[in-house]
Amino acid sequence: MTELKNSETMVNLMRAFAGESQARNRYTFAAGICRKQQLHVLEAVFTFTANQEKEHAEIFFNHLKELDGSTIRLDGTYPVEVTNDVKQLLRRAQHNEYEEFDPVYKSFAETARREGFAQAANSFQQIAAVEQTHGNRFRYYADLLENEQLFVSDVKCAWMCLNCGHIQEGLQAPKSCPVCQHDQGFFIRLELTPYGGGILRAN
């Protein structure tokens, strides 16, 4: 087994830590842009994902615990995404997440396994699957926004206000919430809410 301090896995763990940390910040910045444009549901999507990226960063960082106090020299490439175009932010996030899924974390897992770091390999493999989910999430919301269906549905559905929890059925989200008066940007399809979806309407 290769020593961690002499391994490619050490460098890959730090690359992953740096990448996840930057993704967290980019998504936090994107959430702020969405908030300014009153796209509060997309603000929530970016913030939700940013918090998960923080956890990924911590997982990768903890694999470096035995090197506490040392410094790791790192060369890498990271995306520059400075735009107020929310559609572009969603599509770029989608691309980056899919790239992490495959080939980046897939190859990192293979390297870690070859060098004898089974736990690190497992983290790369499992987090890769999460990144694919992130990519799917960003793609879904980018599609809705580009097709002008973020607040409009082809079929009658339930919409929830993210601010107060009011639920209302219709082909589109209310222009403003009748309970708290927050604007349409706070509404999300009930089926897409993180904690409950359809069961919130069960008898």
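**View 1. The largest pocket and the residues around its centre.** In this predicted model, the largest pocket has a volume of about 360 Å³. Its lining is made up of 17 residues, and those lying nearest the centre of the pocket are Gly-19, Thr-77, Tyr-78, Glu-100 and Val-104.

View 2. Sorted by class, the lining of the largest pocket holds 8 nonpolar, 4 polar and 5 charged residues.

**View 3. The second largest pocket and its lining residues.** The second largest pocket has a volume of about 270 Å³. Its lining consists of Val-41, Ala-44, Val-45, Thr-47, Phe-48, Asn-51, Arg-137, Tyr-141, Leu-162, Ile-188, Leu-192 and Pro-194.

**View 4. Helices and residue classes in the lining of the second largest pocket.** At least two residues of the lining of the second largest pocket come from helix H2 (40-62), and at least two from helix H4 (118-146); H2 gives the most to this lining, with 6 residues. By class, the lining of the second largest pocket divides into 9 nonpolar, 2 polar and 1 charged, and Arg-137 is one of the residues that line this pocket.

Notes:
Residues numbered from 1 in each chain as written. Predicted model: local features only at pLDDT ≥ 70, side-chain atom pairs only at ≥ 80, totals over all residues. Heavy atoms only, no water. 1 Å grid on protein atoms, 1.4 Å probe; cavity = no way out; pocket = protein on both sides within 12 Å on 5 of 7 lines; lining within 4 Å. Points joined across faces, edges and corners; volume = space filled by probe spheres on them. Nonpolar A, V, L, I, M, F, W, Y, C, P; charged D, E, K, R; others polar. Helix = DSSP H or I, 4+ residues; strand = E, 2+ residues; numbered from the N terminus.
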